[in-house]
Amino acid sequence: MTILGSAIGSKQHCENWISQKLDSKMPMLINKLENLGHSQSSFLLLLYCASFCKMVWYIRTIPSFLISQSCEHFDALITNCFENLLGSGLSKQSYMQASLGTKNGGVGLRSSKSHSAAAYISSFFKSKPLVQTFLAKSVVNPHMHILFESFNSLVSADDHLNSSSCPTSQKCLSNLIDTHSLNLLVEDVSILDKARLVSCLMPHANAWIRALPAFRNKFSCLEWSTCMKRWLGVPIFNQDHLCAACQNQVMDTFGHHACVCPVKGDRIKRHTVIRDILFEFCSALLGDL
Ligand SMILES: [Zn+2]
């Protein structure tokens, strides 16, 4: 059965119910996003309107083990759409980073499957006092120990929940999952990628990811995909080659050399663009005074 827009019943019923919901709207939505013609706008619409937020109600109201396949299916749809916008597939490490929140060096495309237990646990404990008031008796959820186990498998031992825990903040639980995933990711990558991840964690380094395109302050599709690939450690070129600008040094597959190449004046161009944007911003402020 269905109550307040959520499925109640067996695993098969819950999986089928959500699959029908997703299949009726998501393919057309994804198709529209992929063909919008501006990758940065498509990504932001995906991030804000069509990804994790689409599943939040379901994962907060249905125990995670009853909808695990639907969550996997949904996550695959979102990842596939992101890869199509990016123009490249993601390695395991790049996918792990992309699924982290932007404050943890990711791009905010959280996995509904990974965060489903946290969402249900926090939802249950948040609503428990009200339910107990209505029923005038204590409420016990028989699924909670399974959900605790699922959540504990995704966080460090220090953050494990136990029978006396009653967390109500999904944000806090999700941050614990993200933090543990980030630590695992840092342990698993090369020294070069460690340096990149540390850079991604610097204050305000992620600001460009959620910045809304406006007037001339927006990325072209090529600029956005190049920046996003560099953020996630995705190769930009198929192989190392001699830099076409300086004709002297190797342009590596990740394009690191482009940031330090002394020829073609990109450093000066970048400085000039930042100067102009700052001038426009200050002029707009002064104009309002
Ligand atoms: Zn060069």
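Helices here are DSSP runs of H or I with at least four residues, strands are runs of E with at least two, and both are numbered from the N terminus. What you have open is a predicted model, in which local features need pLDDT of at least 70 and side-chain atom pairs count only at pLDDT 80 or more, while totals for chains, interfaces and linings use all residues. Residues are numbered from 1 along each chain as its sequence is written.

**Start with everything shown.** The protein has 13 helices and 4 strands. Its C-alpha atoms fill a box of roughly 75 × 45 × 40 Å along the principal axes. Of the 289 residues, 27% are buried; buried means 20 or more other C-beta atoms within 10 Å of a residue's own, exposed means 12 or fewer, and partly exposed lies in between, with C-beta atoms placed from the backbone.

**Now select residues 116–135.** This is helix α6, with 20 residues.

**Colour the buried residues of α6.** Among them are Ser-116, Tyr-120 and Phe-124. The buried residues of this helix pack against α3 (52–61), α4 (68–86), α7 (144–152) and α8 (170–188).

The axes of α6 and α8, lines fitted to C-alpha atoms over the stretch in contact, come within 9 Å and cross at roughly 155°. That makes the two helices roughly antiparallel, a term for angles over 145 degrees. To see where they meet, show Ala-118, Ala-119, Ile-121 and Ser-122 in α6 with Gln-170, Leu-173, Ser-174 and Ile-177 in α8; contact here means C-beta atoms, placed from the backbone, within 7 Å.

Most residues other than glycine have a negative phi. Ala-136 is exposed, with 6 other C-beta atoms within 10 Å.

Then move to His-204, in the loop between α9 (191–200) and α10 (207–210). His-204 has a positive phi of about 70° although it is not a glycine. With 6 C-beta neighbours inside 10 Å, His-204 counts as exposed.

Technical notes. Expected span 1.5 Å × (residues − 1). Contact = placed C-beta atoms within 7 Å. Axes fitted to C-alpha atoms, helices over the stretch in contact; angles between N-to-C directions. Parallel < 35°, antiparallel > 145°, perpendicular 65-115°, else oblique.
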